[in-house]
Amino acid sequence: RYTVRATSDAIEVNWNVAKGYYLYRKRMGFATDAPGVTLGEAAFPKGLAHEDEFFGRQEVYRGAGNLFRVPYTTTGAGPATIELKLKLQGCADAG
């Protein structure tokens, strides 16, 4: 689950990852097709070290309080709303 909040210069995505699951940092990203909107480089919170059976040593996110900040700029008046595409891959501890 996640919540999204826009500030004057960034979109903040706060993930609450369900117990027993995790998200891979290297598999996360943000995109938009909104005209006149350019996303900057996202600021990722520090994750947890995890040894993955398939991907090796990874940084992952678990639990609550995973706040990602995505700066943006607009040209002209900019849109009233921005559709943000969340790109992610995760896994369960159970496999």
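The questions and answers below take up these topics in turn.

Biologist: What kind of model is this, and how are residues numbered?

Modeller: Residues are numbered from 1 along each chain as its sequence is written, and side-chain values use heavy atoms, with hydrogens and water left out. Local features need pLDDT of at least 70, side-chain atom pairs count only at pLDDT 80 or more, and totals for chains, interfaces and linings use all residues, as this is a predicted model.

Biologist: How many bridges hold strand 2 to strand 8?

Modeller: On one side, strand 2 is joined to strand 1 by five antiparallel bridges, and these two strands form a hairpin with three residues between them. On the other pairing, isoleucine 11 has valine 70 of strand 8 as its bridge partner. The pairing of strand 2 with strand 8 is antiparallel, and its bridges number seven.

Biologist: Which residue of strand 8 stands opposite threonine 38?

Modeller: Strand 5 and strand 8 run antiparallel and are joined by three bridges. The residue of strand 8 opposite threonine 38 is threonine 73.

Biologist: What is the average angle between neighbouring strands in the open sheet with the order 6-7-3-10?

Modeller: This sheet has four strands with antiparallel pairing, and its edges are strand 6 (48-52) and strand 10 (90-92). Strand 6 is joined to strand 7 (residues 56-61) by five bridges, with alanine 49 facing glutamate 59 as its bridge partner. Axes are lines fitted to C-alpha atoms, and angles run from 0 to 180 degrees between N-to-C directions. With direction ignored, neighbouring strands of this sheet are turned against each other by an average of 45 degrees.

Biologist: Why is strand 2 largely enclosed by the rest of the structure?

Modeller: Buried means under 20% relative accessible area, exposed over 50%, and partly exposed in between (1.4 Å probe, protein chains only). Valine 13, leaving aside neighbours within four places in sequence, is in contact (heavy atoms within 4.5 Å) with residues including Tyr2, Phe30, Phe68 and Leu86. Strand 2 is largely enclosed because its buried residues number six of eight.

Biologist: Which residue forms a salt bridge with glutamate 12?

Modeller: A salt bridge is a side-chain nitrogen of Lys or Arg within 4 Å of a carboxyl oxygen of Asp or Glu, and the whole structure has six of them. Glutamate 12 is buried at 14% relative accessible area, and it is also the bridge partner of arginine 5 in the strand pairing. For the salt bridge of glutamate 12, the closest N and O atoms are 3.6 Å apart, and the partner is arginine 69.

Biologist: Is arginine 69 buried or partly exposed?

Modeller: The relative accessibility of arginine 69 is 31%. By that value, arginine 69 counts as partly exposed.

Biologist: What is the N to O distance in the salt bridge between arginine 62 and aspartate 93?

Modeller: Aspartate 93 is partly exposed, with a relative accessible area of 47%, and arginine 62 is partly exposed at 28%. Their side chains meet in a salt bridge with an N to O distance of 2.8 Å.

Biologist: What is the N to O distance in the salt bridge between arginine 25 and glutamate 59?

Modeller: Arginine 25 counts as partly exposed at 29% relative accessibility, and glutamate 59 is also partly exposed at 29%. The side chains of arginine 25 and glutamate 59 form a salt bridge, with an N to O distance of 3.7 Å.

Definitions and conventions. Pairing = 2+ DSSP bridges.
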